[in-house]
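Work through the exercises below with the structure in view, and compare each of your steps with the solution that follows it.

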Amino acid sequence: MRISVIDLGTNTFNLLVVETTDDHDYKILYNNKLPVKLGKSGIDKKEIRPDAITRGMNAIEKHLQTIQELHSEKTYAFATSAIRSARNGDQFVKMVRQRFNLDIDIIDGNREAELIYYGVKQAVNLSNEKVLILDIGGGSNEFIIADHDRIYWKKSYPLGVARLLAKFKPSDPISIEEIEFISNYLEERLCDLFDEFRKHKITTLVGASGSFETIAAMIRADDPNFESETGTYPESITIDLTDFENLYQKLVNSTLKERKQMKGLESMRLEMIVVATLVVKFMLQKLKLQRLIQSNFALKEGVVYELLNLQTAGL
């Protein structure tokens, strides 16, 4: 059976199409994202602006065309931070249903974190050693403390990159004072995460989704010797902390014009990547983490994992 999952994020609408196999596994047929910037000019006002609605509708239409071309039999759509927090989020969902006959499930932050964990554990060779998983989105950031067997703690914070950009409106390039303001803001807002973190022995940060994909792509573009981990789990990459630090320094000292020339940096992330790397830098430094792994799997793959496991259980 062919299954499609649409993840309606704040920055991008993502599509995954898979073919399930007899042994309750799956093979990826198609995986792509389209920029929508659903929160642009409205995320701080809790609304999806008309131009963002148009971008969103166009992206959904394009994804549904792909789904049809690939003869997918079932489609599942999930909306996250921008839609769940917008006053007109329900209205957007109704418009999609009327126009495309597509039902969208608006999920809360805890559910989002759970699905991200299911995605990550397929890509990263988690053991009985606990890790901190971080998914940096446009609207929210999900933090999960987990090992291969279970989640110990999870929480979603409305501290996504689009929200931080709307709140702080950093200069070009970002100033030292603005970096401090954002770092202090994260320090204040993440107190309960830090309290929980101290209860566990964790040295590894696992990063999921677009910002971490971009960080890995930029480091890879600059280093021909940079390789994916080989073996059973090719969907994860270990990022050298020195490489990350060099990239961070390069980005925080860059202008938008300079970033347009940087290899591995997609145009949709030109404005957001500086603040995204700032969040990662803050977490590594604050928690004294010693290892950074990038997972290519997140929410979409987590949905497929859950669907197949429910199928196996006969539910």
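**Exercise 1.** Find which residues lie nearest the centre of the second largest pocket, and sort its lining by class.

*Solution.* Step one: of the 17 residues that line the second largest pocket, Gly 39, Lys 40, Ser 41, Ala 162 and Leu 165 lie nearest its centre. Here a pocket is an open set of points on a 1 Å grid over the protein atoms alone, where a 1.4 Å probe fits, with protein on both sides within 12 Å along at least five of seven lines, and lining residues have an atom within 4 Å of a point. Step two: the lining holds six nonpolar, five polar and six charged residues. Step three: the space in this pocket is about 290 Å³.

The model is predicted, and local features need pLDDT of at least 70, side-chain atom pairs pLDDT 80 or more, while totals for chains, interfaces and linings use all residues. Residues are numbered from 1 along each chain as its sequence is written, and side-chain values use heavy atoms, without hydrogens and water.

**Exercise 2.** Describe the largest pocket by its volume and its lining.

*Solution.* Step one: about 470 Å³ of space lies in the largest pocket. Step two: it is lined by 30 residues, and Asp 7, Thr 12, Asn 14, Ser 209 and Gly 210 are the closest to its centre. Step three: by class, four lining residues are nonpolar, 17 polar and nine charged.

**Exercise 3.** State how the axes of H8 and H11 cross.

*Solution.* The axes of H8 (residues 210–222) and H11 (residues 273–286) come within 10 Å and cross at roughly 95°. That makes H8 roughly perpendicular to H11, a term for angles of 65 to 115 degrees.

Conventions. Axes fitted to C-alpha atoms, helices over the stretch in contact; angles between N-to-C directions. Helix = DSSP H or I, 4+ residues; strand = E, 2+ residues; numbered from the N terminus. Parallel < 35°, antiparallel > 145°, perpendicular 65-115°, else oblique. Points joined across faces, edges and corners; volume = space filled by probe spheres on them. Nonpolar A, V, L, I, M, F, W, Y, C, P; charged D, E, K, R; others polar.
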